[in-house]
Amino acid sequence: MECRDIINTLAACLQVSGTDPGLAQFIQILLGVLIVTMAPLIVVILLIWVERKFAARVQDRIGPNRVGPYGLFQTVADALKLITKEDITPAGADRLIYNLAPIVSIVSVILIWAVIPFSPIHIGVDLSIGALYFVAVGSIGTLAIMMAGWSSNNKYALLGAFRVVAQLVSYEVPMVFALLVPVLIAGSMSMQGIVEAQRGMWFVVLSPVAALIFFISTQAETGRAPFDLIEAESELVAGFNIEYSGMKFGLFFAGEFVHVFTNALLMAALFFGGWVGPGVDQIPALGFVYIALKATVFYLVSLLLRSTLPRVRIDQLMSFNWKFLVPVSIVNVIVVAFLLQVVRALGLAPAADLANDFIANLPQAIVLLLGSLVIVAFVLQQLRNFGRQERAAAQTVMVRKEDDVDMLPAQAAH
Amino acid sequence: MLELNAQSIGFLVFSVFTIGGGLGVVTSRNLIHGALFLILSLFGAAGLFVLLSAEFLAAVQVLVYIGAIAILIIFAVMLTRSMTRLSEVFNRQWWLSAVVAVGLFVLILVGVILPVFGGMDTASVAPDVATTVDLGVALVDGNQYVLPFEVASILLTAAMIGAIVIARDNE
Amino acid sequence: MNVINEWAFIGVFVAIAWVIPTLPIALAAFVSPRKPNAIKMQTYECGVETVGDTWVQFKVQYYIYGLVFLVFDVEMIFLFPWALAYNRLDFFAFGAGLLFIFLLTDALIYAWRKRALEWV
C-alpha cells in the first residue's frame, strides 16, 4: 500500500514516518473503528428528534420545540435527564444479566454498521460474508431481549421475552429468504459486491417481492408498531424493559431507534443501489448523500407505519409470518433462481463488460420483473379467494345467530 | 514457537472464551447462567473459525448456534418450572459422564493431536483456502456432495416432523 | 486489507462497541442519586404485590415456533453457498436447490396441516 493521502492510507503514511508496521495497522484499524462506532450514536441524537417531530405532526401536535432551534437539542436534554435519574434494580433481579442486557442490545445494532457500505471506498470493513454477518449479529439482539426479560424477575417482562421467540425469531425466516435474492443475483455476499452489482439496475426492479418482504420483516425485527407485541404498552405495560430505568432504559430505546435507521440503510444498500448514483466514481463522498437520501425515505415510511397502524394480535402476527410471508418468500427464491437460469440460457443476461449499462440490463430485468408480477397476481388471487371464504363463513355464523336469538333493533335496521 | 501477533493474541483470547465458557457451563448451578456461558463458549469457537479463515463457518456458528440453538435452550429452561435455581446435585451418574468425557479427551489427544504435534509444517499447507463459492459449487455438484446435500434436507424435514409429533398431543 | 486484517477490524469493533454503551451507564452510576428502599425495589405489578413465582409455566406452542425456526435457519445456511455460487452453476444445480427447498417445504406443509402453526 502506498501513502497517497492521510485519510485513506493512514497506515502507509505512518510507516513512511517511521512507525512500526504492526502498530501502524493497529492505529488505522482503531481509528476506523472509532469513526464507525461513533456514527450511529451521533445519528441517533438526530433520529430521535426526527421521530418525535414526525409522530407529533401525524398526531396534529407540534412536538419538541423549546430546547434549541426547532427543539433540536431536546434529545441532549433528555439524555442528561436520564443520566441523573436514579437507577433502580428490582428485588430478585439477576444483577449481572440485568445490567448486561441493555449493552448487548445496543452492541448488536452497532455491530451491523461495520459492514454498511457508505460509498465506493467508505465502509467499515467489506467482509466477504457481509450479508450473513449482519443477520448473525442482528440475531444477538433477540438474546438481549431474552436476557432483559428473564433477569428482571417480573411476569410482564417474562411475557415480553417469550413473545420474542414467537416474533423476532419467526420473522428472521422470511427476512433471510428475501436476503437470498440479492445474493443470488449479485453472486456475492459482500455488501460492496451487492451494491456494485446494482450499478446497472437496482435489485428492487429485479425482485420487488423480495424487497417488500425484506422491508416488512425488518420492520417486525425492530419490534415496533404494528409489530410491537414484545412491548405492548396496553397489555404488558412495557414488556421486556418494564423494570429498567434511567440510562439503561435509555440504551434500550437508543438501540431501537438506531435499529430502525440501520434497517433503512440495509434496505437501501441491498435493494435500492446503496451509494450508486451519478458522479459517485469521481467524488466518492457523494455516496454518503445518496445512501442517506434513500435510507431516509424508508426511515420515514417506517415512522409513518408506526404512527398510523394499530398493533396486530399475536395469532394474526404468527399466521401472517408462517402462512403468508414464508411461503411467498420461498416461492420468490425459486422463481428468481429459475428465471436467472432461463435468462442465461436465452442469452438475455448483460455481457460482463456491459454489466453496468442500464440498457444492457433491461432484458434480464423485464424477465425477472414479469416473474415477480406473476407471483403478485397469484398471491392476490389466493388472498381474494381466502377473503371470500372467510366472509362466507362469517355470514353463515351470523345467519345462525339470527335464527337463535331475537333480533335486536339495531341489527334489524341492517 | 508462538509469536506474539494479532493471530496468536486472537487465538489466546478465543481459547479462553471457549474453555472458560465450557467450564462455566458445567459449574454454574443457575441454568440460565449455564446457557449464557455456553453462548460465550460458542462465540469463542466462532472466533477460532475466523482464525482458521473459515469465515462462513464462523457466521454459521453465530447464526445457528448462538442465534437459534442457544435461544432454544434458554427458552426450554424458561419453559420448565423453577428449574432455574437448583441448589443440590441430583445427578447420581456424574462419575459415568466423567469417565466418558475423559475417555473422549484421551481418544482425541492420542488419535488426532499427538500424531500431528510438532510434525505440522505450515509451509506444506496449500495457501489457497477453499472459499464459500467453492463450498456452494461442491454442494450441488453431481460428482461431489449433492447427495449429502439432499439428505441433509430430508434430515431436517424429519427433525421438524418429529418435533411436532412429540410436542403436540394426539387430537 | 487481507482477511485477517478485516477480522482484526471486527475484533476491535466488538471490543469498542462494548465500551461505548458502558460509558453512559458508568457515568449515570456516579451522577445519579441512590436511595433504595424496600417499596421502591419491589417488582412492578398492577398495584398489588406480585403473587407467586415469576417463572410461571408457558405453553409449548412457543417452543414449536422455535423449533420450526431452527430447522429453517439451518436450511437457509445451506442455501447461502448455493446462492453465492449460482452464477457459475447450471440447470442441474438449480434442480438440486429446488429439490432441497421442496423437501423442506414439505415440512412446512406438514406443520401447517397438523395445525402446529396455529396459535391456540
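Which helix gives the most to the lining of the largest cavity? The structure examined here is a predicted model, in which local features need pLDDT of at least 70 and side-chain atom pairs count only at pLDDT 80 or more, while totals for chains, interfaces and linings use all residues. Residues are numbered from 1 along each chain as its sequence is written, chains are lettered from A and ligands numbered from 1 in the order in which they are written, and side-chain values use heavy atoms, with hydrogens and water left out.

The answer is α5(A), with seven lining residues. Helices here are DSSP runs of H or I with at least four residues, strands are E runs of at least two, and both are numbered from the N terminus. Alongside α5 (130–151), the helices α4 (95–112), α6 (155–186) and α11 (246–271) of chain A each supply at least two residues of this lining. The largest cavity holds about 340 Å³ of space and is lined by 26 residues, with Val109(A), Gly141(A), Glu221(A), Thr222(A) and His259(A) nearest its centre. Its lining comprises 11 nonpolar, 11 polar and four charged residues (nonpolar: Ala, Val, Leu, Ile, Met, Phe, Trp, Tyr, Cys and Pro; charged: Asp, Glu, Lys and Arg; polar: the others, Gly among them).

In the whole structure, four cavities of 30 Å³ or more are found. A cavity is a set of points, on a 1 Å grid over the protein atoms alone, where a 1.4 Å probe fits but cannot get out, and lining residues have an atom within 4 Å of a point. Points are joined across faces, edges and corners, and the volume is the space filled by probe spheres set on them.

The second largest cavity has a volume of about 70 Å³. Helix α11(A) provides the largest share of its lining, four residues, and α9 (208–221) and α12 (286–308) of chain A each supply at least two. Among the lining residues are Phe215(A), Thr222(A), Asn263(A), Met267(A) and Ser302(A). By class, this lining has five nonpolar, five polar and no charged residues.

Turning to the other chains, Ile113(B) lies in helix α4 (residues 94–116) of chain B. Ile113(B) counts as partly exposed because its relative accessibility is 37% (buried is under 20% relative accessible area, exposed over 50%, partly exposed in between, with a 1.4 Å probe and protein chains only). Chain C has three helices and zero strands, following the pattern α-α-α along its sequence. Of the 120 residues of chain C, 50% count as buried.

How values were computed. On a 1 Å grid over the protein atoms alone, a cavity is a set of points where a 1.4 Å probe fits but cannot get out, and a pocket is an open set with protein on both sides within 12 Å along at least five of seven lines; lining residues have an atom within 4 Å of a point.
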